[in-house]
Amino acid sequence: MNNYLLVINAGSSSIKFAVYQTDASSNQLVTHASGQLDGIGNQPNFTVKNHHGVTLVERTLSVNEIHDHRGAITLILAWIKDYLADGVLLAVGHRIVHGGQHFSAPVLIDASILAALEALIPLAPLHQPHNLAPIRVLLETLPALPQVACFDTAFHRTQPVVAQRFALPQHFFDDGVRHYGFHGLSYEYIASVLSELDPALVNARVIVAHLGNGASLCALQNGRSMATTMGFSPLDGLVMGTRCGTIDPGVLLYLMAHYGLDAQALEQLLYHQSGLLGVSGISSDMRVLLASNDPLALEAIALFVYRIGREIGSLAAALGGLDALVFTGGIGEHSAVIRAKVCHQAVWLGLELDETANQAGKPCISTLNSSVSAWVVATDENRMIALHTLQQLNKT
Ligand SMILES: Nc1ncnc2c1ncn2[C@@H]1O[C@H](COP(=O)(O)OP(=O)(O)O)[C@@H](O)[C@H]1O
Ligand SMILES: CC(=O)OP(=O)(O)O
Ligand SMILES: [Mg+2]
């Protein structure tokens, strides 16, 4: 009998998953299959590929068949049950965006943990409710199956207190109003593979740019998070697909007082209607903007890059200098154009881009003379979650 782990990363309109084969007594993980059910609530589409990239499932479904996350996870579980007929599903690991101040490491989930995570929904309304939906279904339908929560915030809990504090009265900090940071599973994965790029990077001052739909930067020293651009919520920092990033809080007061926006309307504006979509008025997808000649598309791209450039300067200051810059996430991994623009903004730090290597999609994209090296690394949050899940299982 083979043993398997399931990893679930549930977003607002999709559930992504990966199945790993494992030998429970070791930390060996072999990717078996991965897939997603996207278009939930709109045009559901179920796709699965095996570890060779061969398509196992490609099914368009109707909204009547799958109308919500509950339906989506039920379908995924039914497929997995058939697919793993020869094996045992040992556990499920989940990506949970917000762990608040009390969850600084992966944890086995029970009803009380789920309730504590539900209380954090207002801190990450775009992510947390969707992250938790599959857990609830699994607790109801397969209560004996171990589930492990792995947090995007946990990796940043090593930051110095000064990096976690807002200049607000102390009691707010004690109540959890603090700078958390996100994309931690991605940064933890990148930190774990730095030695494969160059052993010298392990103890170096490194900025990782996770540029996807959500985007942030993380300053690493000795592989630990020292500072990051996202804050209390995943709204802060860089310009994102539909999120505004850093904004003067005075703007929010003005929008409330003069436009009559309440908390709900602000949430809608800042999470869903801002960022690349808001500035361009065209799309949140960087590919669409890069293919457009519309001046507003160019302005959105310019602002995206400008904000990254400014924040790289800020994180380099937090690190006391910079040795390397690593690109990851959908945009960071696939867009040579955006990487080039970001690197050109970092020339003052001593970064010299190797244009040919960048165009060719090489792992190292800086010249031999560059005093700051630059890299492209595909992130793998799922593998990080699977590893944590296995470690939790081995503890029990
Ligand atoms: N070839 C490409 N060029 C530019 N942008 C790309 C390319 N491929 C993917 N992207 C961008 O990556 C984004 C998604 O990144 P990803 O990290 O997969 O997102 P998510 O945050 O949903 O996990 C898309 O919105 C798209 O803008
Ligand atoms: C935390 C966050 O922004 O996640 P994502 O990039 O998946 O939206
Ligand atoms: Mg992502």
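Two residues are in contact if their C-beta atoms, placed from the backbone, lie within 7 Å. With that in hand, here are the views of this predicted model.

View 1. Among the contacts in the protein with a separation of 6 or more, 62% join residues 24 or more positions apart. Of the 396 residues, 42% count as buried.

**View 2. The overall fold and its dimensions.** Take a moment to trace the 15 helices and 13 strands of the protein. The radius of gyration is 21 Å, close to the 21 Å that the globule rule gives for 396 residues, so the protein is as compact as a globular protein of that length. Its C-alpha trace spans about 55 × 55 × 45 Å along the principal axes.

View 3. Domain 1 covers residues 2–151 and domain 2 covers residues 198–376. Six residues of domain 1 are in contact with five residues of domain 2. On the side of domain 1 that touches domain 2, five residues are nonpolar, one is polar and none is charged. The C-alpha centres of domain 1 and domain 2 lie 28 Å apart.

**View 4. The shell around ligand 1.** Here 13 residues surround ligand 1, and the closest are Gly212, Asn213, Met286, Gly330 and His334.

**View 5. Helices that line ligand 1.** Look for helix H10 (286–290) and helix H12 (329–334), each of which supplies at least two residues of the shell around ligand 1. Helix H12 gives the largest share of that shell, with four residues.

How values were computed
Residues are numbered from 1 along each chain as its sequence is written. Chains are lettered from A and ligands numbered from 1 in the order in which they are written. This is a predicted model: local features need pLDDT of at least 70, side-chain atom pairs count only at pLDDT 80 or more; totals for chains, interfaces and linings use all residues. A residue is near a molecule or strand if its C-beta atom, placed from the backbone, lies within 6 Å of it. The radius of gyration is taken over C-alpha atoms; the globule rule is 2.2 Å times the number of residues to the power 0.38. A residue is buried if 20 or more other C-beta atoms lie within 10 Å of its own, exposed if 12 or fewer, and partly exposed in between; C-beta atoms are placed from the backbone. Domain bounds come from an automatic or database domain assignment. Ala, Val, Leu, Ile, Met, Phe, Trp, Tyr, Cys and Pro count as nonpolar, Asp, Glu, Lys and Arg as charged, and the others, Gly among them, as polar.
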